[in-house]
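Q: Please take me through some of the terms used for this model, setting each value against its definition.

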Amino acid sequence: MKRVRVTIHPGDADLPRTFERVAAADEPFVRVRVVNWNVTADPAAFLLRLTGDVDRFESILAADDGIEEYDLLRVSATEGYCFVTGPGTADARALWAHFKGPTLMTVPPAEWNPDGSYTFTLVGREGDIQAAVEAAPSGARVEIESVGGRTVAPESVVHRLSDRQRAAVRAALDLGYYDVPRTATTEDVAGALGCATSTAAEHLRKAESTVLAGLFAEGRGEGAPGH
């Protein structure tokens, strides 16, 4: 059995309107984690965990004619769960079809990312995972974030980072990027990693977003309504 954390970049695929409007926002206003789903039946059903501007997210859902039904459970002013059903789009179904094989399983949560990508964990036989990755539709790109690990699901917020994200943060810490005052630049981090400055900046931004959101969620007792 292999565990692989993957990110799908869908390219120009026609995806559900709510996903596209949330992912395409100028500034991220809500974090969406898919904590359970059923895409084998029609309509598809999803249970979402929301952190951020829940009101704005609901207004987008209400305007989406591809949503058949939704039920929003508010935990606080900035947190909630949402049960959503809808037929989805043909492109979305084609995108995920290869990751539903009989020997493959996806491990919650899955993440909606601000750049329009979607990150989730696959567990299964190595050959089946590789075949699913290679079978992605034309125009889509599948990025391998991490392979293996000590557990199936991340143990802590740090374990949610990809190998490259962890390497970027370690380099930034060693160089003084997070010192006050700052004694290193993104260019310095890129030099340590041997990558482009824009790539290093992206690794740091994603790592910082994941760590901060995860720390606050863990402090509340994520997954427990009322915390």
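Q: Which residues of α5 are called buried?
A: The buried residues of α5 are Gln165, Arg166, Ala168, Ala171 and Ala172, where buried means under 20% relative accessible area with a 1.4 Å probe and protein chains only. The model is predicted, so local features need pLDDT of at least 70 and side-chain atom pairs count only at pLDDT 80 or more, while totals for chains, interfaces and linings use all residues. Residues are numbered from 1 along each chain as its sequence is written, and side-chain values use heavy atoms, with hydrogens and water left out.

Q: What span does helix α5 reach from its first C-alpha to its last?
A: Helix α5 (residues 163–175), a DSSP run of H or I with at least four residues, has 13 residues and reaches 18 Å, close to the 18 Å expected at 1.5 Å a residue, the expected span being 1.5 Å times one less than the number of residues.

Q: Why is the pair of Phe19 and Trp112 called edge-to-face?
A: The structure holds six aromatic pairs, and in this one the ring centres are 5.1 Å apart and the planes lie at 70°, so the pair is edge-to-face; rings pair if their centres lie within 6.5 Å, and planes under 30 degrees apart count as stacked, over 60 as edge-to-face and the rest as tilted. Both Phe19 and Trp112 are buried.

Q: Why is the pair of Tyr118 and Phe120 called tilted?
A: Their ring centres are 5.9 Å apart and their planes at 55°, so the pair is tilted.

Technical notes. Buried means under 20% relative accessible area, exposed over 50%, partly exposed in between (1.4 Å probe, protein chains only). Helices (H or I, at least four residues) and strands (E, at least two) are DSSP runs, numbered from the N terminus.
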